[in-house]
Amino acid sequence: MFALESLASVGEKYENSSRVRKACDFFLAKQKEDGGWGENYKSCETGEYVHHAKSQVVQTCWALLGLMEAGFPDRGPIERGVRLVMGRQKRNGEWEQEAIEGVFNKSCMISYPNYKFIFPVKALGMFAKRYGDIEIL
């Protein structure tokens, strides 16, 4: 997500950058059946992508932000991800704390409790700004 945001800031988008297209292709290949994304912390141990058993809201938002920053032309995968994020929101506006979001030294797992607020709001806000107020749920 951050790399695609940075590349977009210097004009590299899906339409004109093979790097950006490669990143989007990676995201799309990892999108789960329910529309979300989820990577297991074991990816750090193995050095290869390991799907989490369940899509994760924060990681789904990271993928959505990356795709939107990249200017990915097909809204379908983005809308599916937004649907998952909106569907997991609680009545009080919050999202549940889900799986571990950070790992370092292949052994120290970190949970960032504010990520479940920051990234969904950012992703949903960006979606609304770019695509308008369309019905998702």
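Contact is taken here to mean heavy atoms within 4.5 Å. In this predicted model, helix α4 packs against helix α6 under that criterion: V57, V58, C61, W62, L64, L65, M68 and E69 of α4 meet Y115, K116, F119, P120, K122, A123, M126, F127, R130 and Y131 of α6. By class, the residues of this contact comprise 14 nonpolar and 4 charged, with no polar residues. The axes of α4 and α6, the latter spanning residues 115–131, come within 9 Å and cross at roughly 35°. The crossing of α4 past α6 is left-handed.

E69, a residue of helix α4, takes part in the contact with α6. With a relative accessible area of 12%, E69 is classed as buried, because this value falls under 20%. Beyond its neighbours within four places in sequence, E69 contacts L4, E5, A8, K13, M126 and R130. The C-alpha atom of E69 is separated by 18 Å from that of A29, which is 40 residues away along the chain.

Helix α4 also contributes to the largest pocket of the model. This pocket contains about 410 Å³ of space. Its lining consists of 20 residues, of which E39, Y49, Q59, W62 and E101 are the closest to the centre. Two or more lining residues come from each of α2 (18–30), β1 (37–39), α3 (42–46), α4 (57–70) and β3 (102–104). The lining comprises 12 nonpolar, 5 polar and 3 charged residues.

How values were computed: Residues numbered from 1 in each chain as written. Predicted model: local features only at pLDDT ≥ 70, side-chain atom pairs only at ≥ 80, totals over all residues. Heavy atoms only, no water. 1 Å grid on protein atoms, 1.4 Å probe; cavity = no way out; pocket = protein on both sides within 12 Å on 5 of 7 lines; lining within 4 Å. Points joined across faces, edges and corners; volume = space filled by probe spheres on them. Helix = DSSP H or I, 4+ residues; strand = E, 2+ residues; numbered from the N terminus. Nonpolar A, V, L, I, M, F, W, Y, C, P; charged D, E, K, R; others polar. Axes fitted to C-alpha atoms, helices over the stretch in contact; angles between N-to-C directions. Left-handed = near helix turned anticlockwise from the far one by under 90°. Buried < 20%, exposed > 50% of the residue type's maximum accessible area, 1.4 Å probe, protein only.
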